[in-house]
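We will go from stop to stop, picking residues and seeing what surrounds them.

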Amino acid sequence: MGVPDQLADRMSMAEQHEYLRSRFSRRTMMRGGAVTLGAVVGGAFVPGATARAAVPTRPTAPSAQKVDGRLVAPFGRHLAYGNDARTEMTVSWQVPVAVDKPFIRIGAHPWDLSHRIGAEIRTLYTPAGVGASADHTQYYVHAELAGLKPGRTYYYGVGHAGFDPAEPHLLGTLGTFTTAPAHKAPFTFTAFGDQGVSYHGLANDALILGQNPAFHLHAGDIAYADPAGAGKTADTGFDARTWDQFLAQTESVAKSVPWMVSYGNHDMEAWYSPNGYGGEEARFTLPDNGPDKKNLPGVYSFVHGNTAVISLDPNDVSFEIPANLGISGGTQTTWFEGQLKKYRAAKDIDFIVVFFHHCAYCTSTAHASEGGVRQEWVPLFEKYQVDLVINGHNHQYERTDVIKGDKVTKKLPIGGTAYPETEGVVYVTAGAAGRSLYAFTAPDSYEGHEHEVDAVASFVNTKDGKVNETVAWSRVRYLNYSFLRVDVTPAPRGHYTTLKVQGIAETGDRIDHFTVARRAK
C-alpha cells in the first residue's frame, strides 16, 4: 500500500497511516447528518421512534458527478443490531456512483411502505498508488432505526432520488428483518471467520441462509481487501474493490440476517485512519456501546433472548501481529470484565458467548494460539464462566475439550455436554468460511471419522516469539470449509438451558456437535 518494507516493519498502524497521508493529496472531507423517523401506520413503530445517522469516518474523496438515479441500483445490503437488539436495527447498503437523497422505506407489510426515512451516505476514496487499483471511490449508505417493536418482522426497501423501491416494478428488491424478542425464546445463530470472496464463501452463505439464523457472527478477516494481513502498508496487493465483491456476495444472507462482524488482522487498512479501521467504519454501523469507539469500533455487545454476545478486538493484544498492540491502553480488558460481571449478574441472561479473531487455543500450523489472548482474556473467560468462545484466524475447524488453567478439565467427545459453571470453557475455531485452508500436525478427527490423539504438537505466540507446546485439548479437527450453527433453548428456572453447537461442512454434513448446559436463572 505504498510504505517501503524496511519502514513498515518498524511502524505502528498509526505511523503507517500518517506516512500514507503525507504522500497523497488531501481532498474535501465528507460529513453526515441526522435523520428522523416518525411512527409507521399500523403500529410497526412505537411513537417517537428515530433513525439516527452514525458519525461518519471523514474519509477524503474527490468530487463526483451524480448520474440519473433511475440508472443506479443499490446492492450489498447488510443489517446490524443497534445497542438494543430488541428495538434497534441498522440497514446498510452500497451504490456504485453518487446519488441524491438516499432513503429507506419500511413498514409492517410489503404493501404498506409509505413511511420514507432519509439515510446517510459515507464516501470512501482510495487513490491510485494505495494498493493495486486506480482511483476508486465507494459510496456506503446507512439508516439507523430505533423505536422498533421486539420480535417483529419488518419489510423494507432502499433507494434514492429516481429509484423508489415502492414502485411496482421494484417490489422484488424488498427485504425483511426481525428484531430480537423481548423475552426468552428458542433461536438459532450461526458463526464463522475468514470468509473473503470465493465459491466456498458463496456455498457457506447459501447453507447459512437455510439454517434460518436470528443473526450471524463473523469473527474477523471479513473481505480480505488487504491479502497480507500483517497490518503493514507495504502490502501492494491491497484492493478496495474487493469490498464491492464481498458485499454483493454476502447480500443474499445479510439483507435479512444481522451480520455482526468483529475485526481481524486483515481488516486493518492503514490508508483510511490511524487505527486501520476507517474503511470498516464507512461500511458497517455496529453497536457503539464499547469502551473506545475511536480506536476500537469493533468492540461491542448485544443481547438476544437469554444470550449475551460480546465482540472483542484481539489486534489490541496480539503478540503475533503487533500493528495495533496496546492501542486501547488496557481499556478494552477493563470494559470486557465489566460486561462479563454485568451479564453474569443479570437475572434474564443465562449464556455469554464471546467472539473475536485470534485463537486462544488452536493447533494450526499457520497461526496456532495467541499468547496475548491467553494472557489478557482467558483468566476472565474462566472467572466468569463464559459458555462459548468462537474464533477465526486459522482456516480450519477445531474444537477443544473443556479447559481451565491451560489444562483439560474434562474430555468433551463428539456429542458430549459441558457444564461451564463447574468445569471450564470450550473454544471453537471456525475459520474455514471461504479462504484457502491451512493444515494440522495431527490427523483430522470429526464426526464419523474420529481419530483420537491426546498429544498434538503446536505452538503459542508470545511477546518473545513462538514457543512450542504439546497439547492434549485438541478434540475435533476438520480441514475443509465449514461454519457453526448454535441452537439456544431456554428452560424454566432451575432447569438446564442449553446451547447445542454443531459444526456444519460446506457439503451440509455435520462434522461435530456438543452441548453447553447451565441452570436457568
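Select Tyr199, Ala206 and Gly210: these exposed residues sit on the face of helix α3 that is turned away from its buried side. Exposed means over 50% relative accessible area, buried means under 20%, and partly exposed is in between, using a 1.4 Å probe and protein chains only. Helices (H or I, at least four residues) and strands (E, at least two) are DSSP runs, numbered from the N terminus.

A word on what you are viewing: this is a predicted model, in which local features need pLDDT of at least 70 and side-chain atom pairs count only at pLDDT 80 or more, while totals for chains, interfaces and linings use all residues. Residues are numbered from 1 along each chain as its sequence is written, and side-chain values use heavy atoms, with hydrogens and water left out.

Now pick the buried residues of α3: Gly201, Asn204, Asp205 and Ile208. Look down the helix axis: the buried residues fall within an arc of 105°, so they line one face of α3. That arc is taken from the directions from the helix axis to the C-beta atoms. Next, show what covers them, including β9 (187–192), β10 (215–219) and α4 (241–254).

Go to the start of α3, where a side-chain oxygen of Ser198 comes to within 3.2 Å of the backbone nitrogen of His200. After the helix comes Asn212, with a positive phi near 55°.

Move on to the loop between β10 and α4, and select Asp221. Its phi is also positive, near 55°. Most residues other than glycine have a negative phi. Is Asp221 buried or exposed? At 1% relative accessibility, Asp221 counts as buried. Tyr224 lies in that loop between β10 and α4 too; its phi is positive, near 70°, and at 4% relative accessibility Tyr224 counts as buried.

Next, select Leu217. Leaving aside neighbours within four places in sequence, Leu217 is in contact (heavy atoms within 4.5 Å) with residues including Phe189, Met260 and Phe355. Leu217 and Phe177 have the most contacts inside the largest nonpolar core, which has 94 residues. Such a core is a set of buried Ala, Val, Leu, Ile, Met, Phe, Trp, Tyr and Cys residues joined through side-chain atoms within 4.5 Å.

Finish at strand β14 (residues 351–355), where 5 of 5 residues are buried. Phe351, Val353 and Phe355 lie on one side, Ile352 and Val354 on the other.

Conventions: A polar contact is a pair of N or O atoms within 3.5 Å; within protein, one must be able to donate a hydrogen and the other to accept it, and residues adjacent in sequence count only if both atoms are side-chain atoms.
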